[in-house]
Amino acid sequence: MVMADLPAVLEVEQQAYPWPWTLGIFRDCLRSGYECWVMELEQALAGYSVLSVAAGEAHLLNLCVAPAVQGRGLGRWLLEQTLNLARWHQVDTVFLEVRHSNRVARHLYEQAGFNEIGLRPGYYPAGQGREDAVVMARPMRFPQA
Ligand SMILES: CC(C)(COP(=O)(O)OP(=O)(O)OC[C@H]1O[C@@H](n2cnc3c(N)ncnc32)[C@H](O)[C@@H]1OP(=O)(O)O)[C@@H](O)C(=O)NCCC(=O)NCCS
């Protein structure tokens, strides 16, 4: 992902999330040197992921597939590529937070070897009040990794 991708990224972000990231957040991620990657399908933006890496840990900050092409295995593929990046950085663990109600994402992460390790109460804005975040972790140094 480069700055020139951001208009298309923001468009997908706004389609995919009820509380999307702002342009400023994506800019900050790029400027901070996070692993920000886009996935293209027939020259159109199909998804992206953002991974921060520090001190032997990685945090998956965003994983998104454009709604028009969801449910075709692209999310799984993008997650695998992002875990490969984490492996390349030789991290011990990849962490993430996901909305409690996001069943598709939680299923995807569980299938990819993430375990639930905690809950952050009221972490996300929600239609009525706030929603809990499920915190998940995936060990990267076990034989299975
Ligand atoms: C979560 C997300 C990345 C998954 O990407 P995707 O391309 O739609 O998912 P895939 O096609 O790779 O499918 C992954 C798994 O989810 C299941 N799945 C996908 N869409 C589903 C749906 N609508 N209902 C139920 N299960 C679904 C698939 O069956 C597959 O599981 P399986 O291998 O056991 O069959 C995508 O839905 C998305 O971008 N959502 C909006 C942004 C978001 O919530 N990101 C995660 C933030 S933590």
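Author: Six elements each supply at least two residues of the lining of the largest pocket: helix 1 (6-16), strand 3 (57-65), helix 3 (74-88), strand 4 (93-99), helix 4 (103-111) and strand 5 (115-125). Strand 3 gives the most, with seven residues. The model is a predicted one, and every value here is computed from it.

The space in this largest pocket comes to about 1100 Å³. Its lining is made of 35 residues, and those closest to the centre of the pocket are Y17, L63, N102, A105 and Y109. Sorted by class, the lining holds 20 nonpolar residues, nine polar ones and six charged ones.

Now the aromatic pairs. The structure has four of them. One is formed by F26 and Y48, whose rings are 5.7 Å apart from centre to centre. The angle between their planes is 85°, and the pair is edge-to-face. F26 belongs to helix 2 (residues 23-31) and Y48 to strand 2 (residues 44-54), so this pair ties together parts that lie 22 residues apart in sequence.

Both partners can also be described by their accessibility. F26 counts as buried because its relative accessibility is 1%, and buried means under 20%. Y48 has a relative accessible area of 0%, so Y48 is buried as well. F26 and Y48 are also part of a cluster: ring pairs link them with W21.

Definitions and conventions
Residues numbered from 1 in each chain as written. Predicted model: local features only at pLDDT ≥ 70, side-chain atom pairs only at ≥ 80, totals over all residues. Heavy atoms only, no water. 1 Å grid on protein atoms, 1.4 Å probe; cavity = no way out; pocket = protein on both sides within 12 Å on 5 of 7 lines; lining within 4 Å. Points joined across faces, edges and corners; volume = space filled by probe spheres on them. Helix = DSSP H or I, 4+ residues; strand = E, 2+ residues; numbered from the N terminus. Nonpolar A, V, L, I, M, F, W, Y, C, P; charged D, E, K, R; others polar. Phe/Tyr/Trp six-rings, centres within 6.5 Å; stacked < 30°, edge-to-face > 60°. Buried < 20%, exposed > 50% of the residue type's maximum accessible area, 1.4 Å probe, protein only.
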